[in-house]
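Student: Let's go through this model by questions. Please show me the sequence and the structure.

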Amino acid sequence: MAKIKFLTDSAADIPQHYVDELGIEVIHFPIILGDREIHDGVDYTNQEFYDVLNSVDKIPTHAQVTAYEFEEIFSNIFAAGYDAVIYTAINFKGTATGSNALQAKKTFFADHPEAAGKFQIEVLDSKNYTYSYGYAVVEAARKAQSGNMTCDEVVEMIEDWLTHAKILFAPYDLKFARKSGRVSAAAAIMGTAMGIRPIMSFPNGDSKVLAKPRGDKNVVPTIVKMMKEEMEPGSPYIVIHAALPERNREISEACIEAVGYAPAEEFLIGGVISINAGPNLVGVIFRAKDPIF
């Protein structure tokens with residue numbers, strides 16, 4: 001059995017108990033909050049960070065992970081005796097972090113010729129965000145821990161989920177989506193005035209509005225209807241929670257009623273995701289009938 005290190009970033013929003021249980025290594029994105037630098041998932045709980053976001057005038061920003069940081073991580077994993085590292089990354093189209101990891105891979109093997117043929121580095125573009133790829137890392141780490149799998153077999157398992165994983169989410173306010181470019185300034189102004197709550201996704205890594213229900217009461221029914229129509233029957237689904245407890249309960253209950261079974265996971269989005277999409281949202285992640293990309 002190959003000794004594999006599972007690596008991802010904090011935008012995967014993997015619950016900490018899985019990180020601890022499965023030995024997953026998480027790179028925490030730096031976040032600039034006023035005149036301070038904090039680290040996603042380290043310095044604040046998710047709920048504490050929502051409170052910060054809803055109280056500040058200037059929306060925080062986050063930085064990419066550098067090639068130098070990745071090379072150091074790869075070197076440490078190799079030195080620890082692993083046969084391979086699989087980095088499942090945040091959408092390459094949203095940050096240079098993934099391309100930095102690829103550059104670090106080249107540099108690592110140039111600097112460590114003794115690793116050739118002995119150590120494997122895989123960098124996977126999730127083309128998505130949040131637990132849509134975090135779930136793949138958790139399931140692959142669990143499977144690898146219990147079975148005799150090669151690195152290539154694990155990569156195939158992760159990629160199978162990534163190519164089918166679809167996220168649908170809707171922010172209840174558009175301030176954050178406007179700043180991040182998910183929604184144009186004009187659309188945000190118009191949408192706010194008309195009470196439009198855009199339902200968004202990332203087909204092939206691109207941000208896209210798929211539906212425009214009007215009014216808060218229509219958000220959850222629209223998301224759940226879309227999920228039920230598109231998901232592979234009987235497959236696992238995941239419910240996205242954030243800063244609105246009553247909306248969290250609403251979407252969880254609606255999903256169970258619609259598909260007839262409980263979600264595989266309910267989780268809170270982290271700092272990087274809430275900066276870009278806002279802390280006031282709900283959503284789902286599910287396995288689509290057909291590949292997304």
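Tutor: The expected span of a helix is 1.5 Å times one less than its number of residues. Helices (H or I, at least four residues) and strands (E, at least two) are DSSP runs, numbered from the N terminus. This is a predicted model: local features need pLDDT of at least 70, side-chain atom pairs count only at pLDDT 80 or more, and totals for chains, interfaces and linings use all residues. Residues are numbered from 1 along each chain as its sequence is written, and side-chain values use heavy atoms, with hydrogens and water left out.

Student: How far does helix 9 reach from its first C-alpha to its last?

Tutor: Helix 9 has 12 residues. At 1.5 Å a residue, 16 Å is expected. The computed reach is close to that, at 17 Å.

Student: Within what arc do the buried residues of helix 9 fall, seen down its axis?

Tutor: Buried means under 20% relative accessible area, exposed over 50%, and partly exposed in between (1.4 Å probe, protein chains only). In helix 9, Val-219, Val-220, Ile-223, Val-224, Met-226 and Met-227 are buried. They line one face of the helix, because their directions from the helix axis to the C-beta atoms fall within an arc of 160°.

Student: Which residues are exposed on the other side of helix 9?

Tutor: An α-helix has 3.6 residues a turn, so residues three or four places apart point the same way. The buried residues of helix 9 pack against partners including strand 8, strand 11 and helix 10, where contact means heavy atoms within 4.5 Å. On the other side, the exposed residues are Lys-225 and Lys-228.

Student: Is Ser-235 buried or exposed?

Tutor: Ser-235 is found in the loop between helix 9 and strand 11. Leaving aside neighbours within four places in sequence, Ser-235 is in contact with Tyr-261 and Arg-287. Its relative accessible area is 5%, so Ser-235 is buried.

Student: Which residue takes a positive phi in the hairpin of strand 3 and strand 4?

Tutor: Strand 3 and strand 4 pair in the antiparallel sense over four bridges. Ile-32 stands opposite Glu-37 in strand 4. Two residues lie between the strands, and the positive phi, near 65°, belongs to Gly-34.

Key: Two strands pair if DSSP finds at least two bridges between them.
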